[in-house]
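My entries follow in the order in which I made them.

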Amino acid sequence: MKTLSENVCFGGTQGVYSHTSTVCNCEMTFGLFLPTEARDGPVPVLWFLAGLTCTHENAMTKAGAQSWAAEHGIAVVFPDTSPRGDDVADDDAYDLGKGAGFYVNATQDPWSPHFQMWDYIATELPALLGDNFSLDMERQGITGHSMGGHGALTLAMNLPGRYLSVSAFAPIANPTGSDWGRKQLSAYLGDDESTWTKHDASLLMAETGFDGPLLIDQGNADQFIDLLKPEALAAAIASKRQQGTFRLQPGYDHSYFFVSTFMEDHIAFHAEALYGG
């Protein structure tokens, strides 16, 4: 693992690190904010998964998570959204290939040699973090924006007991029923739609739900709301009688201005779960 940068931030440290990923077969980069409390012992961990076209840097610099994480003594991990490098397959479209890993393990060519983002987030990166930083990997929460909200919700529901809390900002909520989903799932996983269902938050919610608290924020002026399909997830939450809160925020769009506005709420929500409140 290489240290690319470390900066003092709200009394803690905002670092950027790279490492050779075995599952993605390339060099991967991630950001990690460690609060002051990490100097004295392991602290809880919150994952922030970013959306289409993003790297580790977008949420790290725009979401405003560090100030609130420092207040609650929580570490925040900012992974990349896809494998990178000259040998990694890509596409001319912004919503497929680099920057658009969709948090799945690709089974189709040319994507399968590198696009193993599910295993990267679920297995490889947590092990690396636990081995190298003062983190309590028994206390994890997960959140994300857009494609990252999709990833946060599907990881949380597919890995029972892993995360104590889950939230999302404007998640791609029903990808099997949207152009933001069907295109990518078909490319990465093939045409057998039975392999897609574990990557659809609305279908997972209706079938299994999440054993813990849930928070969703969605702007009602989001320019991509028809692709996100929040109504499908809201209906599934109601049908499942899931413990959780789904908020439509008037006037807000899909940008990080929206994310940063409600970040304080999300950090406090996760802190309550991570500290057993």
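This is a predicted model: local features need pLDDT of at least 70, side-chain atom pairs count only at pLDDT 80 or more; totals for chains, interfaces and linings use all residues.

I first looked up the hand of the crossing between H2 and H9, and found it right-handed; a crossing is called right-handed if the near helix is turned clockwise from the far one by less than a right angle, and left-handed if anticlockwise. Helix H2 covers residues 65–72 and helix H9 residues 256–274, and the two pack at an angle of about 30° with their axes 9 Å apart. That makes H2 roughly parallel to H9, because angles under 35 degrees count as roughly parallel, over 145 as roughly antiparallel, 65 to 115 as roughly perpendicular and the rest as oblique. I noted that Ala65, Trp68, Ala69 and His72 of H2 make the contact with Met263, Glu264, Ile267, Ala268 and Ala271 of H9, where contact means heavy atoms within 4.5 Å. By class, this contact has 7 nonpolar, 1 polar and 1 charged residues.

Residues are numbered from 1 along each chain as its sequence is written, and side-chain values use heavy atoms, with hydrogens and water left out.

Next I turned to helix H3 (residues 117–132) and helix H4 (residues 147–158), which pack at an angle of about 60° with their axes 12 Å apart. That makes H3 oblique to H4, and their crossing is right-handed. Trp118, Ile121 and Ala122 in H3 meet Thr154, Leu155 and Asn158 in H4, a contact with 4 nonpolar, 2 polar and no charged residues.

Which residues lie closest to the centre of the largest pocket? I found Leu52, Thr53, His145, Phe224 and His254 there, out of the 13 residues that line the pocket. By class, the lining has 6 nonpolar, 7 polar and no charged residues.

Last, I checked the backbone, bearing in mind that most residues other than glycine have a negative phi and that most peptide bonds are trans. Tyr103 has a positive phi of about 55° although it is not a glycine, and the peptide bond from Asp109 to Pro110 is cis, with omega near 0°. I placed Tyr103 in the loop between S5 and H3, and Pro110 likewise in the loop between strand S5 (75–79) and H3.

Definitions and conventions. Axes are lines fitted to C-alpha atoms, for helices over the stretch in contact, and angles run from 0 to 180 degrees between N-to-C directions. Helices (H or I, at least four residues) and strands (E, at least two) are DSSP runs, numbered from the N terminus. Ala, Val, Leu, Ile, Met, Phe, Trp, Tyr, Cys and Pro count as nonpolar, Asp, Glu, Lys and Arg as charged, and the others, Gly among them, as polar. On a 1 Å grid over the protein atoms alone, a cavity is a set of points where a 1.4 Å probe fits but cannot get out, and a pocket is an open set with protein on both sides within 12 Å along at least five of seven lines; lining residues have an atom within 4 Å of a point.
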